[in-house]
Amino acid sequence: SGDISLRDVTGTSRSLTLNTSLNTIVNGTIAVGSFVTDGSGSLSLAGVLGINNNVTLSESIILTGATILNAGTGDITFGSTIDGAFDLTLNSSRLTDIQGAIGSTTALTSLTTDANGTTQLGGNITSTGLQSFGDAVVLTNGIALSGSNITFGNTIDGAFGLSLNSAGVTNLQGAIGSGTALASITTDANGTTQLGGNITTTGAQTFNDAIALATNVTIDAAT
C-alpha cells in the first residue's frame, strides 16, 4: 500500500472512499456527496470538508491545521482517536458519533459542535481551549472532559459517569439526565460551574468548584 494525499476535491453528488493501510493526507477543501475512509493506517486532516451526506472516518486522525466538517443532514462518525493542537468544528443536523478519545496524546486547541442534531460521546476529550457542545449529548461510556472552558448548550443523557475538569467556566445550560439518568457527575475544584437545568443521576453528584445558578435547579441523586 501507498500513501494517499489530497488537496482540493469537488463533486457534490459523488462519493469519495479512501483505502490505504498507510497514511491518508487531506489538506484543503473537500466538497463531495459522502466521504469514507477504511480504518487502516492514519488520517491527517486540515481544511474544510463540506459533505452533503455521511462522513465516516474510521482510522486514527491527526489534525495538521484547523479543521471544519460540514455534514449537512448526514452523520459524522469518528471510529478512532483524534489528536493535534488545532481547532476542530463539527456541524451536522443528525448524529455526530465520537467513539474514541480526543486529545489524549496531543490536546486539541478547541472542539465545537453546532446546535442541531445529537452528539454521542464514547471517549475522553482533552483540549487546551474551549469545548462547546451546541447540540444534545448522549454518553455511550464513562467520559472525562478537560478544557479551559466547557459549555453544554443542550441536554446530556446516558447511564454513565461524567467528569468535567476546567479552570474556567463549566456552563451546563440544559437538563442533565432528564431522558436517561447519568450514573454520576463530578467537577474539579478549579473554576466555576453554572447550572441552567435540573440534574438527575443514579449515583453521586460532586461539585468541587463554586456553583452559580442561572435558573431554579433541582438536583436529584436518588433516581
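How many bridges join β21 to β24, and which way do the two strands run? I opened the notebook with this point and found three bridges, with the two strands running parallel. I record at the outset that the model is predicted.

**Entry 1. The chain as a whole**

I looked up the secondary structure and found 26 strands and zero helices in the chain. The radius of gyration is 18 Å, close to the 17 Å that the globule rule gives for 223 residues, so the chain is as compact as a globular protein of that length. I noted that the C-alpha atoms fill a box of roughly 55 × 30 × 25 Å along the principal axes. Of the 223 residues, 45% are buried. I then turned to contacts between residues at least 6 apart in sequence, and found that 7% of them join residues at least 24 apart.

**Entry 2. The sheet around β21**

I traced an open sheet of five strands, paired in parallel, in the order β13-β16-β19-β21-β24. Its edges are β13 (125-126) and β24 (205-207); each has a single partner strand, so one side of each is left without a neighbour in the sheet.

I next examined the two partners of β21. Toward β19 (residues 161-165), strand β21 (residues 184-187) is joined by four bridges, and the two run parallel. Within this pairing, I found L162 opposite I185, and S163 has T186 as its bridge partner. On the side of β24, T187 stands opposite F207.

Which residues of β21 form its covered face, and which its uncovered one? I185 and T187 make up the covered face, whereas S184 and T186 make up the uncovered one.

**Entry 3. The aromatic pair and the core**

I searched for aromatic pairs and found one in the structure. The ring centres of F133 and F152 are 5.1 Å apart and the ring planes meet at 15°; planes under 30 degrees apart count as stacked, so this pair is stacked. F133 belongs to strand β14 (residues 131-133) and F152 to strand β17 (residues 150-152), so the pair ties together parts that are 19 residues apart in sequence.

I then listed the contacts of F152, leaving aside neighbours within four places in sequence. They are F133, V137, L145, L164, N171, L172, Q173 and G174. As general background, nonpolar side chains in soluble globular proteins tend to be buried together.

**Entry 4. The salt bridge**

I found one salt bridge in the structure. It is formed by R94 and D75, whose closest N and O atoms are 3.5 Å apart. R94 lies in the loop between β9 (87-91) and β10 (95-98), and D75 in the loop between β6 (60-70) and β7 (76-78), so the pair ties together parts that are 19 residues apart in sequence.

D75, at 18%, is buried, because the cut-off for burial is under 20% relative accessible area.

I placed T12 in strand β2 (residues 9-18). Its contacts are A31, V32, G33 and N52. I also checked T12 against I30: the two are 18 residues apart in sequence, and their C-alpha atoms are 9.1 Å apart.

T56 lies in strand β5 (residues 55-57). With a relative accessible area of 25%, T56 is partly exposed. From T56 to T105, which is 49 residues away along the chain, I noted a C-alpha separation of 22 Å.

T96 lies in strand β10. T96 is buried, at 0% relative accessible area. I76, L90, T118, T119 and Q120 are its contacts.

Terms used: Residues are numbered from 1 along each chain as its sequence is written. This is a predicted model: local features need pLDDT of at least 70, side-chain atom pairs count only at pLDDT 80 or more; totals for chains, interfaces and linings use all residues. Side-chain values use heavy atoms; hydrogens and water are left out. Rings of Phe, Tyr and Trp (its six-membered ring) pair if their centres lie within 6.5 Å; planes under 30 degrees apart count as stacked, over 60 as edge-to-face and the rest as tilted. Two strands pair if DSSP finds at least two bridges between them. A salt bridge is a side-chain nitrogen of Lys or Arg within 4 Å of a carboxyl oxygen of Asp or Glu. Buried means under 20% relative accessible area, exposed over 50%, partly exposed in between (1.4 Å probe, protein chains only). Contact means heavy atoms within 4.5 Å. The radius of gyration is taken over C-alpha atoms; the globule rule is 2.2 Å times the number of residues to the power 0.38.
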